Every structure is written in structure tokens, then in C-alpha cells.
Amino acid sequence: EKVHERLKMRSGGTVTLADLGWDDYFKARLSEFNESDLICARVSMQQKKQYRVLTELGEFPAVIAAKLRHAAESMADFPAVGDWVLVNLNSDEGKAIIHHVLPRRTKISRDTTTRKGRRPIADEQVLVANIDTIFLVAALNEELNLRRIERYLTVIWDSGAKPVLLLNKSDLCEHIDDLLPQIEEVAIGVDVHVLSATNNEGLDVLRRYLDAGTTIALLGSSGVGKST
């Protein structure tokens, strides 16, 4: 408890695990591990071998434990942004060591299969994990591509997350009513919203997706307005 208090004072942490997306699914996964000396954390950044994790005590830099690194059989066994992990906090340095990755509920990954001679070596890189809703952003301009939207939606459905299609830059489109039926035809079962981030139009409807503890990611081509 004294260690936690020192870390809390140093980090100014005020969030709960539920705020970070912890729920009954991950609580059930936690029961698979018998590590009472470790605490739960969520990966917020990954850059090569360096990570940052979010805890109830704040955000900390983190590295992977040697045992986890040696036990990994593929890239998918390493932590990714959004993963829930079990960590040991170093009270003196304010750093975390990641010992375990909890099973993922959803994930977006890419095939990184390579070849050694004639033999293919299959591997998978997880780009982001445990996302509840993915905002697929497309721009209503000359770059709009229905086939691209269809491909993105397939990736999202395969990930296990819920897709929501955001048609941004409506201020640049004069024929929205003509385009919508074509777009909805490739986005069956998907909520579709027209908006203009620049003009602050249509954004209020997005609040319905921003529930406490819900994790949302944005996906889309360069230039569609994700950052805005």
C-alpha cells in the first residue's frame, strides 16, 4: 500500500480500470493467471521495444520481461496498443515490467508472412487490440472510393469490433443525396453519419458512442480528416 501511495502521488493517477475499458470479459481472463503481486494495466503506446502503460496509479514507461520475450513464438505474442497486461511496478524508478498479455477480445492485425527459401514462415503483427468501436472515416470528395470502404469494413468486421462509417467533408460535396444510397449498399448493417469536421456539423451524433469505458479507434486513408 505504501508503494502504491508513493506511485499515486508521483503520477497523479485518478482513473479506474473501468474508465480504461476493464470489464467482466477481462476480469474472467485474469482468473487464468495466478500472479497476486502484479497489477493490471493497459498499453497506451508501443514504439519498438518501449511501451507506455495506463494504470489506476497513472501512466508509466514499460518494458517486456525477459521471460515473456523468450516465450513469444510470434509477433502476435507481444503486447500491442490496447492490450491488457499484467505488470510489476518499480516503486523507485516509476517504471513497469510487462509479464503477461491477457487474451484479446478484438484485434486488427496484418499478415507478416515471410519466406525462407521455398518455405513460407507465417506470422502476424497485431496493430491494435480490444477496440469496441471503429470509426471508419471517408471523405466526400473526389477521393471517395466505394471499394476501399468495402475493404476497410471487411477488416473491421473480421476484427470483432463494431464499425461506424463517418462521411466527412460534406461541405465539399454537392450531391450527397445521390451518393448515400450507393454508400449504404456497401455498408449494410453499419451506422452511417454525414459530417463536416471543419464546419462542426453532424458531430453531436457521435456522442452516443462515447460511453464510459468504451474504446474507439479511427481508421481511414490519409487526408480524410481523422486527426481533425
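## Parallel strands and a barrel

Strand E10 (residues 133-139) and strand E11 pair in the parallel sense, with seven bridges between them. This is a predicted model. Leu136 has Leu165 in E11 as its bridge partner. Between the two strands, the chain passes through helix H4 (residues 146-159), and this β-α-β crossover is right-handed.

E11 (residues 162-168) is mostly covered. Six of its seven residues are buried. E11 also runs parallel to strand E12 (residues 191-194), joined by four bridges. Here Leu166 stands opposite His193 in E12. To get from E11 to E12, the chain crosses through helix H5 (residues 176-186), again in a right-handed β-α-β crossover.

Strands of a sheet pair through backbone hydrogen bonds, either parallel or antiparallel.

Now the barrel. Five strands close it in the order E1-E2-E3-E5-E4, and the pairing is mixed. Neighbouring strands of this sheet are turned by 50 degrees against each other on average, ignoring direction. One of the pairs is E3 (residues 58-64) with E5 (residues 95-101). In that pair, Val63 stands opposite Ile97 in E5.

| Strand pair | Bridges | Sense |
|---|---|---|
| E10 and E11 | seven bridges | parallel |
| E11 and E12 | four bridges | parallel |
| E3 and E5 | three bridges | parallel |

What about the whole protein? The protein has five helices and 13 strands. Of its 228 residues, 37% are buried. Among contacts with a separation of 6 or more, 66% join residues 24 or more positions apart.

Definitions and conventions. Residues are numbered from 1 along each chain as its sequence is written. This is a predicted model: local features need pLDDT of at least 70, side-chain atom pairs count only at pLDDT 80 or more; totals for chains, interfaces and linings use all residues. Side-chain values use heavy atoms; hydrogens and water are left out. Two strands pair if DSSP finds at least two bridges between them. Axes are lines fitted to C-alpha atoms, for helices over the stretch in contact, and angles run from 0 to 180 degrees between N-to-C directions. Buried means under 20% relative accessible area, exposed over 50%, partly exposed in between (1.4 Å probe, protein chains only). Contact means heavy atoms within 4.5 Å. A crossover is right-handed if, with the strands pointing away from the viewer, the path from the first strand over the helix to the second runs clockwise.
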